[in-house]
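User: I would like a close look at one part of this model. Please keep the answer connected and brisk.

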Amino acid sequence: MSNDHFEKRMEFLKKSYERIPSTFDPEEVFKKIDAEHPPAPVEQKPVKKGGFRQRITVLAVSVASVFIIGFIANDVLDGNNQNPNEENLESGEIDAYIEELKQQFEVEKEKRREMLQLDEEHFRMYAQSNSISILDHKTFIQSVKQDGNANERLQEVYNRAIEELKTPAEMIQDVKRNPLREDEEASIAFLNSYREKVKRLQAIYDQIVEENKTAIDAYEVDPSADKADVMMTSKNSFPEPLQNIINTMKEQSIRLTTEKYTGDIKSSFYLSRSVDELPSNLHHFTNAYMNMLADEPYLYAGVLNDTVPKTVGTLQTMEETLMHVQEDPSLYPVMKSYFITLFNHIVKGNEKTKLFDADGRLLPEYQEAWTNLSYSGNATPLTYLMRPIVKEMKASDWQQSEHWDSLNYNDLEEALVLYREGVLEEYMYGEMPVFEEKTVVLPNEAFDQEVKELYSAFKKSYDKSVLKGISPVHIVGIFNYANEVEDPKTMYRLFNENYGDMSETGFSEEQYIDFYRKGLSLFRNATDIKFTNENINRYEHAIYGFVTINNGAEVKNSVHLTYGEDDIWKIRDMYLEKLPSYEQSPEIPIDEMTLKHMKELYETFKESKNPANLYGEVALTIMSLYLYAGSLQDYETQYALIYQEFGADLIEKSTFVENGDRYKFPYAEDMYTSMSFKGLEEDQDGNWPGVATFTVNQEKYPKLPAAQQFHMLWTDDGWRVNVNHLK
């Protein structure tokens, strides 16, 4: 692409907010609509003709006119269905209300002029055309007078006019009060309007700077200082119009800056503190639009405004938005144009950008940039184009690539289309296989037998071809059965081949066997095991899935697997909960720190009384909480700490609270000196018991035995007190 064409494209992007043609004249449309009954002329102050002012006027008129013309068109269509003899209000009352709204609007307009500290002429450029002008058109007024909701429709016009009048700073305050986090469409509309107002103000500020250029040129600063920065803190040195904008522009997140290459003083948008808070109040897919406003136009005279690494980050952020956000006609095409232009600059370069050294080798800075653009586990437009280029470049010592040679300027846009159509992944990695879905209801003797047979066949030689085509549900079943018979070697062989290299903490087979301790069955208390294609995802060429182990309506556990080209599912990630019998706490002293922790935990737990909030706490902590709550006669909190599951005689809460003394144990802060815990083997009812032992301070409590033993039972949420043992 020639430099001349490139510069023209960037100039177009810089002015992209002027998207409605300058030849559009809403007044001509209004005249045609009102041809039979032209409205009374509205007195307006003359506006000087000039290229700059005309462009700002066209922008302001264009934005409002889209709404106004649509409004009139709808009213004309709606009016055709109205009976002209039916009126909700008297015609005179409507006329009076319209005049009242127009007067209120003038007050609001003057308020904004004072906020921005602009003179009449410059403020007219900001607010010259507005939806309020529809109230001067006879066709609309006639339709309103035939409508039964005149007040509502007129108020709607007024409200929209005020929204159009608000400053960028006011818009930010509005969205903070009423966030749009869940509304992507409204977030885009907000940002589009915000961007247009910021651009309009920048154009006005630049014009005022130009009008005061003589005073600016005469203002001398230290050569080492940035003149624009000094001006922002020295407003009193300049004529009043310039003082006024310096005084107010920062509130709109605009400041004076010195252009990098020309040295000209211009206005620039920047990410102020208030703007930094904006993304958290808008839909997350739209955040890149906010960054675009601060960073555009990205290039100046064919040279990047930012470093290559930062531009790569910008491209990746843009890509995320362009892949997922709705394709609106306002901001989306602007960002897409920037996205394509920056990509081609980084990857193809131009006559001003040197990509290769004298030996024809890609410069290290671009080697890193291209590699980063190619790096993503998912199928994205950037990855799709850059991965084969980087692969070929690396193979040739960064000197050549057929994919790079054939890369076309519009290839990125085509890749983006493929992604949005949902087929890019297939282009990159091939068609996603469809797997047989399976659900096994438990208990299931037939499934148990199938698992045992597969286990025996696989264990003979650990030939994975035995598992070819086997459902991931059965793979998980084999793994679980191997744990039940305490066969860690078979468990390890069911993992994917790279299990030992997955991380720095990966295990070799020998380490896995050494560290192995039997865990609880994956299917404990489960109602079914399920695998569906909805549980499948792809990372590059690898396919991943997971099996859910369900307990009624809830997912009790899940096992992650990976699928290989050999048509075999292998365990990728698995955690076995240790047997409760392994929990052993040696005797520890009960000191001030122990008591403090117990009291703090009690204060927190008594508010919710939700046992799940105690997940991870050791048995001795649970027992201490129970004893302490009993000493305070807080039987409701004690009730939340008792065992109420399978094999227990359930106790109603009211019964427990009314008979609290029956279920509490002796306790005082100085009664016990130390404590210990021992988990026991599973009993005949399938429960896991344990015993907490508290050593008594017999000097103070000689009538108590030397030690008090309290019985506990394990649950999925941790250890609980077995009060039924008292019976």
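In what order do the five strands of the open sheet run, and is the pairing parallel or antiparallel? Take the sheet first, then go on to the helix packing.

Analyst: A caution first: this is a predicted model. The order in the open sheet is β11-β12-β13-β14-β15, and the five strands pair in the antiparallel sense. Strands of a sheet pair through backbone hydrogen bonds, in either a parallel or an antiparallel way. At the edges sit β11, residues 584-589, and β15, residues 718-721. Each of these two pairs on one side only. On average, neighbouring strands of the sheet are turned by 25° against each other, with direction ignored.

Met712 stands opposite Val721 of β15.

Next, the helices. Two packed helices are described by the angle between their axes and by the distance between those axes. Start with α15, residues 308-324, and α17. Their axes come within 10 Å and cross at roughly 15°. An angle under 35 degrees counts as roughly parallel, so α15 and α17 are roughly parallel. The crossing of α15 past α17 is right-handed. On the α15 side, the contact is made by Val308, Pro309, Val312, Leu315 and Gln316. On the α17 side, Glu365, Tyr366, Ala369, Asn372 and Leu373 make it.

Stay with α17, which spans residues 364-374 and includes Gln367. Is Gln367 buried or exposed? Its relative accessible area is 18%, so Gln367 is buried; the cut-off for buried is under 20%. The Gln367 side chain reaches the backbone oxygen of Leu362 at 2.6 Å. Leave aside the neighbours within four places in sequence, and Gln367 is in contact with Arg361, Leu362 and Trp398.

Helix α4 covers residues 91-116 and helix α5 covers residues 120-127. They pack at an angle of about 115°, with axes 10 Å apart. The range for roughly perpendicular is 65 to 115 degrees, and α4 and α5 are therefore roughly perpendicular to each other. α4 passes α5 in a right-handed crossing. From α4, the contact uses Lys109, Glu110, Arg112, Arg113 and Leu116. From α5, it uses Glu120, Phe123, Tyr126 and Ala127.

Methods: Residues numbered from 1 in each chain as written. Predicted model: local features only at pLDDT ≥ 70, side-chain atom pairs only at ≥ 80, totals over all residues. Heavy atoms only, no water. Pairing = 2+ DSSP bridges. Helix = DSSP H or I, 4+ residues; strand = E, 2+ residues; numbered from the N terminus. Axes fitted to C-alpha atoms, helices over the stretch in contact; angles between N-to-C directions. Buried < 20%, exposed > 50% of the residue type's maximum accessible area, 1.4 Å probe, protein only. Polar contact = N/O pair within 3.5 Å; in protein donor to acceptor, adjacent residues only side chain to side chain. Contact = heavy atoms within 4.5 Å. Parallel < 35°, antiparallel > 145°, perpendicular 65-115°, else oblique. Left-handed = near helix turned anticlockwise from the far one by under 90°.
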